[in-house]
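Welcome! Let us take a friendly walk through one protein chain, from its overall plan down to single residues. Please keep the sequence and the 3D view open as you read.

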Amino acid sequence: MNGKVIAAVIAALVILIVVVVVVVVVVLKKKKTSDPESQSNSSDTSDSTPPAPAESTAEVLKVQFFQHCDYGGTMWELGPGSYTTGFDDNQISSVKIPPGYKVSMYENADKSGGQQIQSHNPKPPADVTKWMEIPCLIQTGQMAVYNLNDKISAIDIERLI
Ligand SMILES: [Ca+2]
């Protein structure tokens, strides 16, 4: 009898130890799995964060030059830079300038002497949509400042924004 009781007690102790070990292991596993879960949750929230919006102002517009007054004939489009080619010499008669651009137009290819025009469009937020339009570069009346009709041989275009 005593041996059986002792055996039963030992068996009970072994079972108790096994149960305790199992409980401890389960608790530890829950703790370990709960940490990656919280990490995955945080990564989920970072994934759901919307990407930074693309810069709409990054678009590079081009100045439009026209062969005839009132934007007729051939059109030449030029981005920021310095030009003596890319347009027909002594042909430009009208110009459309995008917002935020400064355009210098010269009678001479070396930009020395002769007539010059420097026009710049106001920076945003003054008016980001309005283009500056010069319908004719001929010298007439209040447009006397424009005396480069069919004379332009060099152009500088600068982006101000
Ligand atoms: Ca012309």
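Read along the sequence, the protein chain follows the pattern α-β-β-β-β-β-β-β-β. In other words, there are one helix and eight strands. Helices (H or I, at least four residues) and strands (E, at least two) are DSSP runs, numbered from the N terminus. Residues are numbered from 1 along each chain as its sequence is written. Please remember that this is a predicted model: local features need pLDDT of at least 70, side-chain atom pairs count only at pLDDT 80 or more, and totals for chains, interfaces and linings use all residues.

**The chain as a whole**

Of the 161 residues in the protein chain, 15% are buried. A residue is called buried if 20 or more other C-beta atoms lie within 10 Å of its own, exposed if 12 or fewer, and partly exposed in between, with C-beta atoms placed from the backbone. Two residues are in contact if their C-beta atoms, placed from the backbone, lie within 7 Å. Among contacts in the protein chain between residues at least 6 apart in sequence, 65% join residues at least 24 apart.

**The sheet**

In which order do the four strands of the open sheet stand? The order is β2-β1-β4-β7, and the pairing is antiparallel. The edge strands, each pairing on one side only, are β2 (72–78) and β7 (132–134). On average, neighbouring strands of this sheet are turned by 15 degrees against each other, direction ignored; the axes are lines fitted to C-alpha atoms, for helices over the stretch in contact, and angles run from 0 to 180 degrees between N-to-C directions. Two strands count as paired if DSSP finds at least two bridges between them.

β1 and β4 pair in the antiparallel sense over three bridges, and Gln64 stands opposite Lys96 in β4. Three bridges also join β4 to the antiparallel β7, where Val95 stands opposite Ile134.

**The nonpolar core**

In soluble globular proteins, nonpolar side chains tend to be buried together. A nonpolar core is a set of buried Ala, Val, Leu, Ile, Met, Phe, Trp, Tyr and Cys residues joined through C-beta atoms within 7 Å. The largest one here has 18 residues, and those with the most contacts inside it are Val63, Phe65, Ile92, Val95, Val103, Met105 and Ile152. At least two residues of this core come from each of β1 (63–68), β4 (94–97), β5 (101–106) and β8 (154–159). β5 gives the largest share, four residues.

Thr74 lies in strand β2. Why does Thr74 count as exposed? Thr74 is exposed because it has 12 C-beta neighbours inside 10 Å. Leaving aside neighbours within four places in sequence, Thr74 is in contact with Gln67 and Asp88. From Thr74 to Gln91 there are 17 residues in sequence and 9.4 Å in space, C-alpha to C-alpha.

| Residue | Phi | Loop |
|---|---|---|
| Asp70 | about 60 degrees | between β1 and β2 |

Asp70 counts as exposed because it has 11 C-beta neighbours inside 10 Å. Asp150 has 15 other C-beta atoms within 10 Å, so it is partly exposed.
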